[in-house]
Amino acid sequence: MPHLLRKSLVFCLAMGAAVSANATTEMQVFEGFASSRAVLSERYTTAIAIAEKRQRSNVAFLRVVNATSLCVARVKTGALDLALPACEAAVAAADQLKTNSFVHFSNLSATDIRDIVSANRQVVSSMQSALIAAQR
(Lines give C-alpha, C1' and ligand atoms only; values in the text may rest on other atoms or scores of the structure.)
Protein backbone atom coordinates (compact mmCIF):
# COMPACT_ATOMS: atom_id res chain seq x y z
CA MET A 1 0.00 0.00 0.00
CA PRO A 2 1.57 3.38 -1.00
CA HIS A 3 2.39 5.78 1.79
CA LEU A 4 4.40 8.85 2.70
CA LEU A 5 7.20 9.39 5.13
CA ARG A 6 5.77 11.49 7.94
CA LYS A 7 9.08 12.79 9.34
CA SER A 8 9.73 15.03 6.34
CA LEU A 9 6.16 16.29 6.32
CA VAL A 10 6.40 17.41 9.94
CA PHE A 11 9.51 19.41 9.07
CA CYS A 12 7.72 21.25 6.26
CA LEU A 13 4.70 22.07 8.40
CA ALA A 14 6.82 23.23 11.31
CA MET A 15 8.86 25.56 9.10
CA GLY A 16 5.76 27.38 7.83
CA ALA A 17 6.56 30.64 6.08
CA ALA A 18 10.22 30.39 7.06
CA VAL A 19 10.91 27.57 4.58
CA SER A 20 14.04 28.25 2.58
CA ALA A 21 15.29 26.88 -0.71
CA ASN A 22 17.09 24.18 1.29
CA ALA A 23 13.72 22.71 2.28
CA THR A 24 12.91 21.66 -1.27
CA THR A 25 14.25 18.23 -0.44
CA GLU A 26 11.53 18.03 2.19
CA MET A 27 8.68 18.17 -0.29
CA GLN A 28 6.64 14.99 -0.45
CA VAL A 29 5.36 12.70 -3.19
CA PHE A 30 3.12 9.66 -2.89
CA GLU A 31 5.19 6.48 -3.11
CA GLY A 32 4.21 3.61 -5.35
CA PHE A 33 3.15 5.52 -8.46
CA ALA A 34 5.09 5.94 -11.72
CA SER A 35 5.46 9.73 -11.51
CA SER A 36 6.49 9.49 -7.86
CA ARG A 37 9.05 6.76 -8.56
CA ALA A 38 10.58 8.98 -11.22
CA VAL A 39 10.81 11.91 -8.77
CA LEU A 40 12.31 9.72 -6.07
CA SER A 41 14.91 8.40 -8.52
CA GLU A 42 15.70 12.01 -9.57
CA ARG A 43 14.48 11.49 -13.14
CA TYR A 44 12.61 14.79 -13.14
CA THR A 45 12.03 15.12 -16.89
CA THR A 46 10.48 11.67 -16.92
CA ALA A 47 8.41 12.50 -13.85
CA ILE A 48 7.09 15.65 -15.52
CA ALA A 49 6.12 13.76 -18.68
CA ILE A 50 4.33 11.03 -16.73
CA ALA A 51 2.61 13.41 -14.34
CA GLU A 52 1.40 15.77 -17.08
CA LYS A 53 -0.14 12.85 -18.92
CA ARG A 54 -1.69 11.15 -15.91
CA GLN A 55 -2.93 14.12 -13.89
CA ARG A 56 -6.03 14.21 -16.10
CA SER A 57 -7.30 10.98 -14.52
CA ASN A 58 -10.97 10.63 -13.62
CA VAL A 59 -9.89 9.48 -10.14
CA ALA A 60 -9.36 12.46 -7.82
CA PHE A 61 -6.67 10.72 -5.76
CA LEU A 62 -4.64 9.95 -8.90
CA ARG A 63 -4.93 13.61 -9.92
CA VAL A 64 -3.54 14.52 -6.49
CA VAL A 65 -0.67 12.04 -6.85
CA ASN A 66 0.37 13.22 -10.29
CA ALA A 67 -0.09 16.94 -9.64
CA THR A 68 2.04 16.50 -6.51
CA SER A 69 4.77 14.73 -8.47
CA LEU A 70 4.62 17.45 -11.12
CA CYS A 71 4.92 20.15 -8.46
CA VAL A 72 7.97 18.56 -6.85
CA ALA A 73 9.65 17.74 -10.17
CA ARG A 74 9.17 21.32 -11.36
CA VAL A 75 10.79 22.61 -8.16
CA LYS A 76 13.67 20.20 -8.58
CA THR A 77 14.25 21.46 -12.13
CA GLY A 78 14.13 25.08 -10.95
CA ALA A 79 10.87 25.91 -12.72
CA LEU A 80 9.18 27.64 -9.78
CA ASP A 81 6.83 29.55 -12.07
CA LEU A 82 5.46 26.19 -13.29
CA ALA A 83 5.62 24.49 -9.89
CA LEU A 84 3.05 26.65 -8.16
CA PRO A 85 0.22 25.91 -10.65
CA ALA A 86 0.96 22.20 -10.24
CA CYS A 87 0.84 22.55 -6.46
CA GLU A 88 -2.43 24.47 -6.76
CA ALA A 89 -3.83 21.66 -8.93
CA ALA A 90 -2.84 19.13 -6.26
CA VAL A 91 -4.61 21.17 -3.59
CA ALA A 92 -7.72 21.56 -5.77
CA ALA A 93 -7.80 17.81 -6.44
CA ALA A 94 -7.27 17.07 -2.74
CA ASP A 95 -10.20 19.32 -1.92
CA GLN A 96 -12.35 17.03 -4.08
CA LEU A 97 -11.57 14.04 -1.84
CA LYS A 98 -14.86 13.91 -0.01
CA THR A 99 -14.53 10.36 1.29
CA ASN A 100 -11.81 7.88 2.01
CA SER A 101 -12.88 5.77 -0.96
CA PHE A 102 -9.28 5.87 -2.20
CA VAL A 103 -8.18 3.79 0.78
CA HIS A 104 -6.89 1.02 -1.53
CA PHE A 105 -4.35 3.56 -2.85
CA SER A 106 -3.12 4.97 0.45
CA ASN A 107 -3.24 4.56 4.20
CA LEU A 108 -3.71 8.32 4.60
CA SER A 109 -6.93 10.14 5.35
CA ALA A 110 -8.29 12.86 3.08
CA THR A 111 -7.23 15.41 5.71
CA ASP A 112 -3.67 14.03 5.74
CA ILE A 113 -3.52 14.27 1.96
CA ARG A 114 -4.77 17.87 1.99
CA ASP A 115 -2.16 18.74 4.61
CA ILE A 116 0.62 17.20 2.54
CA VAL A 117 -0.22 18.98 -0.69
CA SER A 118 -0.80 22.24 1.18
CA ALA A 119 2.64 21.92 2.79
CA ASN A 120 4.22 21.43 -0.65
CA ARG A 121 2.37 24.50 -1.93
CA GLN A 122 3.65 26.50 1.07
CA VAL A 123 7.24 25.46 0.31
CA VAL A 124 6.92 26.66 -3.28
CA SER A 125 5.23 29.91 -2.25
CA SER A 126 7.96 30.58 0.30
CA MET A 127 10.66 29.87 -2.26
CA GLN A 128 9.06 32.24 -4.74
CA SER A 129 8.78 34.96 -2.10
CA ALA A 130 12.42 34.49 -1.12
CA LEU A 131 13.48 34.64 -4.77
CA ILE A 132 11.54 37.85 -5.35
CA ALA A 133 13.00 39.41 -2.20
CA ALA A 134 16.53 38.42 -3.27
CA GLN A 135 16.05 40.03 -6.68
CA ARG A 136 15.24 43.43 -5.15
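**Entry 1: S69**

I looked up S69 and noted that S69 is buried, at a relative accessible area of 0%. Buried here stands for under 20% relative accessible area, exposed for over 50%, and partly exposed for what lies in between, with a 1.4 Å probe and protein chains only. I located S69 in helix α4. Helices are DSSP runs of H or I with at least four residues, strands are runs of E with at least two, and both are numbered from the N terminus. Leaving out residues up to four places away in sequence, I listed V29, S35, S36, V39 and A51 as touching S69. Contact means heavy atoms within 4.5 Å.

**Entry 2: what the model is**

I am working from a predicted model, in which local features need pLDDT of at least 70 and side-chain atom pairs count only at pLDDT 80 or more, while totals for chains, interfaces and linings use all residues. Residues are numbered from 1 along each chain as its sequence is written, and side-chain values use heavy atoms, with hydrogens and water left out.

**Entry 3: the chain overall**

I counted six helices and zero strands in the chain. Along the sequence I read the pattern α-α-α-α-α-α. The chain has 136 residues, and 46% of them count as buried. I also looked up the contacts with a separation of 6 or more: residues 24 or more positions apart account for 66% of them.

**Entry 4: α4 against α5**

I took the packing of α4 on α5 next. The angle is about 160 degrees and the axes are 8 Å apart. Axes are lines fitted to C-alpha atoms, for helices over the stretch in contact, and angles between N-to-C directions run from 0 to 180 degrees. The two helices, α4 and α5, are therefore roughly antiparallel to each other. For the wording, angles under 35 degrees count as roughly parallel, over 145 as roughly antiparallel, 65 to 115 as roughly perpendicular, and the rest as oblique. I noted a left-handed crossing where α4 passes α5. Left-handed means that the near helix is turned anticlockwise from the far one by less than a right angle, and right-handed that it is turned clockwise.

From α4, the contact uses A60, R63, V64, A67, T68, L70, C71, R74 and V75; from α5, it uses L80, L82, A83, A86, C87, A89, A90, A93 and A94. I sorted the residues of the contact of α4 with α5 into 15 nonpolar, one polar and two charged. Ala, Val, Leu, Ile, Met, Phe, Trp, Tyr, Cys and Pro count as nonpolar, Asp, Glu, Lys and Arg as charged, and the others, Gly among them, as polar.

**Entry 5: α5 against α6**

I then turned to α5 (residues 80–95) and α6 (residues 110–135), which pack at about 160 degrees with axes 9 Å apart. These helices, α5 and α6, are therefore roughly antiparallel to each other. The crossing of α5 past α6 is left-handed. Among the α5 residues that meet α6 I noted L80, L84, C87, V91 and D95; the α6 side includes I113, V117, N120, V124 and L131. By class, this contact of α5 with α6 has 12 nonpolar, four polar and five charged residues.

**Entry 6: two residues of α6**

I checked V117, which sits in helix α6. V117 counts as buried at 1% relative accessibility. V117 touches F30, V64, T68, A90, V91 and A94, not counting residues up to four places away in sequence.

I found N120 buried, with a relative accessible area of 2%. With residues up to four places away in sequence not counted, N120 touches M27, Q28, T68, V72 and C87.

**Entry 7: aromatic rings**

How many aromatic pairs does a search of the whole structure find? I got two. Rings of Phe, Tyr and Trp (its six-membered ring) pair if their centres lie within 6.5 Å; planes under 30 degrees apart count as stacked, over 60 as edge-to-face, and the rest as tilted.

F30 and F61 pair edge-to-face, at 5.6 Å centre to centre and 75 degrees between the planes. This pair links distant parts of the chain: F30 is in the loop between α1 (6–15) and α2 (34–40), and F61 is in helix α4 (residues 60–76), 31 residues apart. I found both F30 and F61 buried. F33 and F61 also form an edge-to-face pair, at 6.0 Å centre to centre and 65 degrees between the planes. F33 is in the loop between α1 and α2, 28 residues from F61. I noted F33 as buried at 12% relative accessible area, and F61 as buried at 1%. Ring pairs link F30, F33 and F61 into a cluster.
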